[in-house]
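Please open the structure in a viewer and keep the selection panel at hand.

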Amino acid sequence: MPDFCGIELAHPVLNASGTYDAIAARRVFGDEILDDFPFSAFVSKTITPEPRAGNAPRRIWETPAGMINSIGLPNKGLEGFLAEDLPQLAQLPVPLIVSVMATNREEFSRLVREVGERDEVVALELNVSCPNVHSGLIVGEQPTETEALLEALRPLTQKPLIVKLTPNVANPEAVALAAEEGGADAVSLINTLKASAIDPATGEPAIAAGHGGLSGPAVRPIALQQLRAVRAAVELPLVGMGGIASGADAGEFLAAGATLVAVGTESFRDPRAGARIANDLETAMSRGPSRVEALHLD
Amino acid sequence: MSLAPFGRRACEVTANVASGGYRIFSLRDREGPAPAPGQFYMLAAERSWGKGGGRPYLPRAISVAEAVPATEGVRLDFLVEGVGPGTDRLCDLEAGERVWVTGPLGNSFSTPREVNPEAAGAILVGGGIGIAPMAIWRRHLVERGIPLRVLLGFRNEAHSGGLNELFCAGGSLCPDIRLASEDGHAGHQGYVTDLLATMLAGDDAASAVVYSCGPPAMLEAVRALCGEHCVASELAMESPMACGFGACFGCAVPKPDGGYIRLCVDGPIVRGDAVLEVAHA
């Protein structure tokens, strides 16, 4: 039973924010999903202060062992989320972590205060990969911006604050260290890698927005190295993710120092991937001292 | 519509035959319910999926063409054209191998009376590979005694797969079906929407509901024609889709009043007046 920031979880596998809509999945698969929920905690899609429709299609493009997406954070906004989605997410059989994002400190503060005070929510994840409207800088790309944001948000809630790091920087460990010094309780990584593709039928960018973020097994070795670098820099618990598709993959992230792992794109291919990976991990760990070795023997 | 079992399951391929440039393969689904007409499945071959340069990687969304009760479970038939690494691999499926299946997914067609209480019958318009969901829908309507006409269009003979297997009885085309082909090899020479335009100009067209599936340009022509004639329509649409169950938000289709629907959970069957326009090149 992993303990994560004081939250007791049944196993170490979460979903990556934005890769699983538990409300839609319940519509599609029915209440069977509640009996056998694939994740030990559920991370919501990112909530922003105001509603967002998301980006114009085309939004996704398959690449070798992965995909590029530019979805654009469609969500109902804070009010809509609290009124419509939160009561439904509270019916899930696992703790709820809510991901939030805003473009200035005042709005970020409002999100953290209003989401943080809800009993249904055990922790918040801060998506810091958007530009700051005042400085124009992407918060999560700048250690000083990240530390200042955390210092502002830390006093607003008692609940754990998880900072989701972007991999699109030279030194993610410097941003992780800044998050730690600003008062974060945990760090999660990686978000998607900036990427693009050309549609051979048109010669134009395949994604309407021009570029998007790469995910899937193609990014796994990069994610693992960023996790190792961050592990060496901070004491905080880490949520590792990036192309995890099997128990063996998850074991690598745990061996490299992650407390928890998250599954994203693999859930698109297998809606129960989280449960499969958690089961494989448990079987392997019950077998012997080296969990990674045991997993690779399968 | 039918609810999907939670998760993916491995189903055995029982047949795969060539048909007019396309392939029709069949799966034995022991666990899932019978799909409703218009629903789709996410499919990926169990082996050699992603072995050639890492693609295909994601499962492919394919509409079911026919579903027949079998000794063990349901036999699902799919009509596919190899147009990329995913559909190429599905075309190569061999009897005895297994396919990862998630579904049935999405919503299904509504009967003419459900769409319009005054409706007297149905007009089905299928084009190319899009004749697949028209086949299972046609059978359901016939079984319920609902009057219907079926219009099917093809580019040429190499894109006429499924016609014999899905729309013929006793070796000849069912009598309610009319054909159009762009090269004139069968039926009217031209577009299937030419046939629809003529039909909608007739007296009794206003009491029909039009159901359609086909290439985006054809669907847009159907949507526009139905709009002009104030005839209700249901379109079976397609959009790039990674998951099929509302998780990836990739399959966004613009709504007339702004914003988007997710085609996997809000479709794939969409009322003609509920989409802005069917995007096409």
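Two residues are in contact if their C-beta atoms, placed from the backbone, lie within 7 Å. This is a predicted model, in which local features need pLDDT of at least 70 and side-chain atom pairs count only at pLDDT 80 or more, whereas totals for chains, interfaces and linings use all residues. Residues are numbered from 1 along each chain as its sequence is written, and chains are lettered from A and ligands numbered from 1 in the order in which they are written.

**Stop 1: a loop residue of chain B**

Select B:Ala186, and then B:Leu179 and B:Ser181, which B:Ala186 touches when residues up to four places away in sequence are not counted. B:Ala186 belongs to the loop between strand E12 (177-181) and strand E13 (188-189) of chain B. Helices (H or I, at least four residues) and strands (E, at least two) are DSSP runs, numbered from the N terminus. A residue is buried if 20 or more other C-beta atoms, placed from the backbone, lie within 10 Å of its own, exposed if 12 or fewer, and partly exposed in between. B:Ala186 is partly exposed, because 17 other C-beta atoms lie within 10 Å.

**Stop 2: the side of chain B that touches chain A**

Next, display both chains. The contact between them involves 30 residues of chain B and 34 residues of chain A. On the side of chain B that touches chain A there are 18 nonpolar, 10 polar and 2 charged residues. Here Ala, Val, Leu, Ile, Met, Phe, Trp, Tyr, Cys and Pro count as nonpolar, Asp, Glu, Lys and Arg as charged, and the others, Gly among them, as polar.

**Stop 3: helices H4 and H5 of chain A**

Select residues 105-116 (H4) and 143-153 (H5) of chain A, whose axes come within 10 Å and cross at roughly 45°. Axes are lines fitted to C-alpha atoms, for helices over the stretch in contact, and angles run from 0 to 180 degrees between N-to-C directions. H4(A) is therefore oblique to H5(A); angles under 35 degrees count as roughly parallel, over 145 as roughly antiparallel, 65 to 115 as roughly perpendicular and the rest as oblique. On the H4(A) side, the contact is made by A:Arg105, A:Phe108, A:Ser109 and A:Val112, and on the H5(A) side by A:Leu149, A:Ala152 and A:Leu153. These comprise 5 nonpolar, 1 polar and 1 charged residues.

**Stop 4: helix H6 of chain A**

Select residues 172-182 of chain A. How many of the residues of H6(A) are buried? The count is 9 of 11, and the helix is mostly covered. Among the buried residues are A:Val175, A:Leu177 and A:Glu180. The cover includes H5, strand E9 (161-164), strand E10 (186-189) and helix H7 (220-233) of chain A. H6(A) and H7(A) pack with their axes 8 Å apart, at an angle of about 40°, and are therefore oblique to each other. A:Pro172, A:Glu173, A:Ala176 and A:Leu177 of H6(A) meet A:Gln226, A:Ala229, A:Val230, A:Ala232 and A:Ala233 of H7(A). That contact divides into 7 nonpolar, 1 polar and 1 charged residues.

**Stop 5: backbone details**

Select A:Leu189 and A:Ile190, which are joined by a cis peptide bond with omega near 10°. A:Ile190 lies in the loop between E10 and strand E11 (193-195) of chain A. In chain B, the peptide bond from B:Gly103 to B:Pro104 is also cis, with omega near 5°, and B:Pro104 is in strand E7 (residues 98-105).

Move to A:Cys5, a residue other than glycine with a positive phi, near 55°. A:Cys5 sits in the loop between strand E1 (3-4) and strand E2 (7-8) of chain A. B:Ser48 likewise has a positive phi, near 50°, and counts as exposed, because it has 11 C-beta neighbours inside 10 Å.

**Stop 6: the largest nonpolar core**

Finally, select A:Leu124, A:Val187, A:Val239, A:Val261, B:Leu151 and B:Val222, which touch the most other members of the largest nonpolar core, a set of 175 residues. Such a core is a set of buried Ala, Val, Leu, Ile, Met, Phe, Trp, Tyr and Cys residues joined through C-beta atoms within 7 Å. Helix H3 (residues 131-143) of chain B gives the most to this core, with 7 residues.
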